[in-house]
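Here is a friendly walk through one protein model, from its overall build to its core and surface. Please have the viewer open as you read.

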Amino acid sequence: MNRSATWPAVRGTGLTAVALGTAAVVAGLALPWTLAGSRHPDGVTIAGIVFLGPLISGLCVAYARTEPRRHRLTAAVAAVAGLAATLVAVGLARLVEPSAGVGLGGPVTVAGAAAVTLGWLLVLAGGPGALPGSARPWLAVAATAVVLVVVAGFAVDYAREGRFVDATTAGDPPAAGGDQTWPLPYVGVQLVGVHDQLAIVRAEDGVRAVWLASGAIAWRYLRSDLPTQTAGLVGETVVVVFGTDDGVLVAGLDAGTGQIRFTGRHTAGKMASVHGAGRTAVLAGSGIGAGDVLGIDTTNGGLLWRWTPARNGGPCDITDLATTSETVTVALRCRAQGVDDVAVGLTATTGAERWSWHAIQRSPTELRVYATGSGFVTVTGASPRRAVYMDAETGTVGTRHDAAGTLAVPTGEGLLLYAEPSAERAHLTAVDVRTGAVKWDVGLPGLGGYQPLTATTAAGKAYVLWRGSDGRLRLIGARTTDGGSTEDRTITCPTRCQEVALAATSAHAVVTTREEKATELYLSVT
């Protein structure tokens, strides 16, 4: 392209940028600047940006047509006004609290005002004269406009989301044989779960995955704008819940790689737990003022359903929650008309109520619910503790039995395992929930004075973590088929081990310990 064709193309590009920028400024001022509350700038500020940007640009275009000799001065004035509009928009956009969510309005307005400024600088450089007279220069103008729009799009995305996120994905797993001395400290407040060769830990700023073989960080997803509330492992997706000004931001990450699958904001109260029900992630609060229960589609992050825990005209406390692939059972304590403990079964894909079951008890002990096999077991009372089996789909009540221990953990084979402390004979008992019959009962020698803290099952094994009177921790493993011992380990605890958590796969059991309210936990791997 020769010089005589270049300057008309530059002028055309500049005017195109001015037109696109003006449209973007108008759109940005019309769009909400915050996601929470859909707030906009005040009227005076909007008027100022409109005056400095679109209005002055329009006046300068009209003036330049009537006074072409003052073209450069006119373009310079418009560029300075556009720069002023950009600075005002930037200053105002920076005032948006990240916890309120950065809406499209601010970044789009800034990008539009910057495009107006750039456009007038190009017009100034191109000088007075006609626009391109052939199609070829206009193709260059169109290509430049496309590039400008793409760059602006990336800039808007970074301003809204990218600047707050620090994320990496996993590389190759470490070589076999790299045994690590445990425990190791990590920034964290919750053991989310174990997936394949990774332990996933939640901290206040996000989640990190740790290689079990080496203790190195495999991947991370951290945010500087929002604090986490809870997280859970749903199939192969890590679902992380962040608190916002008017609800939650839910992020879904591939458990193996840390790849972001989705993010989405939802109006809700504070969430305390994440549970998996097939492809549905169930988010729930806890206790008094628990708020709505949400069902999130883990394929795209969309809201499938919302369910309010209420009975007899008043809200209910959520005391427990358990899931199968098709049913979500929520344990409630309702006080609108006396104390009523009730379990409600919801369809996992729609949140529709399938059934409800009212507990008849005089004990202040809250209702507990466990998913095992194709049904649920509710446990009520204190001494004795009564367990009732019910069908997951219909809620039909089946066999009842007395709980055989203070700590219960379900298995996928229709068993409920009970750990019972005793100075004479601590023991582990398996009960068939359909018949109420004891399948096996094994003593645990050497655990006199120990108390069971938490338990889990994986691949035909049960793991129970016990604490002694001196604070020491022991991890006891047993086969779920017959109660045969698989391991007995002492867990080293660098602190007083006030808070503990346990997760397992077919090959590993993972224990975390943490001081109350501490932001660091210690992780041990068997």
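What share of the contacts in the protein with a separation of 6 or more comes from residues 24 or more positions apart? These residues account for 50% of such contacts, a contact being heavy atoms within 4.5 Å.

The model is predicted, so local features need pLDDT of at least 70 and side-chain atom pairs pLDDT 80 or more, while totals for chains, interfaces and linings use all residues. Residues are numbered from 1 along each chain as its sequence is written, and side-chain values use heavy atoms, without hydrogens and water.

**Overall build**

The protein has five helices and 34 strands, taken as DSSP runs (H or I, at least four residues; E, at least two) numbered from the N terminus. Its radius of gyration, 31 Å, is well over the 24 Å of the globule rule for 526 residues, so the protein is more spread out than a compact globule; the radius is taken over C-alpha atoms, and the rule is 2.2 Å times the number of residues to the power 0.38. Of the 526 residues, 50% count as buried (under 20% relative accessible area, 1.4 Å probe, protein chains only; exposed is over 50%, partly exposed in between).

**The core**

The largest nonpolar core has 19 residues, and Leu444 is among those with the most contacts inside it. Such a core joins buried Ala, Val, Leu, Ile, Met, Phe, Trp, Tyr and Cys through side-chain atoms within 4.5 Å.

Beyond neighbours within four places in sequence, Leu444 touches Ala426, His427, Leu428, Trp466 and Ile476.
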